[in-house]
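Good morning, everyone. Let me put the model on the screen, and then we will walk through a few parts of it.

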Amino acid sequence: MSYINIKNLKIYTNEKTLVNLSFNITNSTALIGESGSGKSLTLKALLNLLPSSMKIDKDIDSDFELNYDTIAFIPQNPFTSLSSMTKIKNQFFCSEEKKEEVLKLLDLDKSILNKFPPQLSGGQIQRVVIAIALSRNAKILLLDEPTTALDFENKNNIINIINDLKKQLNVLILFVTHDIDSIKDICNEIVIIKNGKVIENGLTNIVLSSPKEDYTKRLINSTFKNKNFRN
Ligand SMILES: Nc1ncnc2c1ncn2[C@@H]1O[C@H](COP(=O)(O)OP(=O)(O)OP(=O)(O)O)[C@@H](O)[C@H]1O
């Protein structure tokens, strides 16, 4: 299995430090925090997409180069990452065999290749975006709140699919969300952040069953409340 060791990541402007943290991704890591805690900036730093007004100091060790080919980014709103006027088959850049192989992994029928994105459901679009990412043989999936825009059924589908992929493929996962419920079965490690700093981290089942910090307890409780509300 590959690894990414974020020894230090500091993101700052002339006025203040927004993110200053370190954590490892050795299998599947969830990055959890309330709004404004620095989740998106951390992802953008890994993708080299920070705005030019921000400065960055980073010391990252990994056993592969982090670039467009090795990082697959699954955005919060997958609709924006496909071209709506282009058939799905023309949004892949790989062999026909590879297309069929990744569609199968994502439980998508190959008839989808001849459709345009607006003809698909939100859950199908999400899976197509992941299929395209996997067709590039990415080594890490960066998932930015991938369940937020989905309804309850599609959300469960995508969680099951990510879980299956994790078992079948040798791919690292960094799953960013404020919804702890969606990661508890996927990510073996959890990193809780607040104001750009790590508050608590460790194995998911341990942190969730005996959180040390009040902030973590609050996040867990709010997830629990939301779950009751949704059901
Ligand atoms: N372009 C920017 N210029 C200045 N500050 C910014 C900029 N983008 C984000 N910030 C600040 O950096 C901090 C972290 O923001 P970030 O978007 O990473 O939070 P987040 O955890 O992803 O929140 P959310 O869950 O709401 O998406 C916040 O205080 C935010 O106001």
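Helix 3 and helix 4 cross in a right-handed way. Keep in mind that this is a predicted model. The two axes of helix 3 and helix 4 are 9 Å apart, and the packing angle is about 20°. An angle under 35 degrees counts as roughly parallel, so helix 3 runs roughly parallel to helix 4. Who makes the contact? On helix 3, the residues are Gly122, Gly123, Gln126 and Arg127. On helix 4, they are Asn154, Asn157, Ile158 and Ile161.

Now helix 4 on its own. Helix 4 covers residues 152-168, which is 17 residues. From first C-alpha to last, helix 4 reaches 25 Å. That is close to the 24 Å expected at 1.5 Å a residue.

Which residues of helix 4 are buried? They are Lys155, Ile158, Ile159 and Ile162. Look down the axis of helix 4: these buried residues fall within an arc of 100°, so they line one face of the helix. An α-helix has 3.6 residues a turn, so residues three or four places apart point the same way.

What covers that buried side? Among the covering elements of helix 4's buried residues are helix 3, at 122-135, and helix 5, at 180-183. Now turn to the face of helix 4 that points away from its buried side. There you find the exposed residues Glu153, Lys167 and Gln168.

Next, backbone angles. Most residues other than glycine have a negative phi. Two residues deserve a look here.

Take Asp107. Its phi is near 60°, a positive value, and Asp107 is not a glycine. Where does Asp107 sit? Asp107 is in the loop between helix 2, at 96-105, and helix 3. Asp107 has 13 other C-beta atoms within 10 Å, so it is partly exposed.

Then Asn195. Asn195 is not a glycine either, yet its phi is positive, about 45°. Asn195 also belongs to a loop, this one between strand 8, at 189-194, and strand 9, at 197-203. Asn195 has 15 C-beta neighbours inside 10 Å, so it counts as partly exposed.

One last stop: Glu101, in helix 2. Glu101 and Ser135 are 34 residues apart in sequence. How far apart are Glu101 and Ser135 in space? The distance is 8.5 Å, C-alpha to C-alpha. Glu101 has 14 other C-beta atoms within 10 Å, so Glu101 is partly exposed.

Key. Residues numbered from 1 in each chain as written. Predicted model: local features only at pLDDT ≥ 70, side-chain atom pairs only at ≥ 80, totals over all residues. Helix = DSSP H or I, 4+ residues; strand = E, 2+ residues; numbered from the N terminus. Expected span 1.5 Å × (residues − 1). Buried ≥ 20, exposed ≤ 12 C-beta atoms within 10 Å, placed from the backbone. Arc of directions from axis to C-beta. Contact = placed C-beta atoms within 7 Å. Axes fitted to C-alpha atoms, helices over the stretch in contact; angles between N-to-C directions. Parallel < 35°, antiparallel > 145°, perpendicular 65-115°, else oblique. Left-handed = near helix turned anticlockwise from the far one by under 90°.
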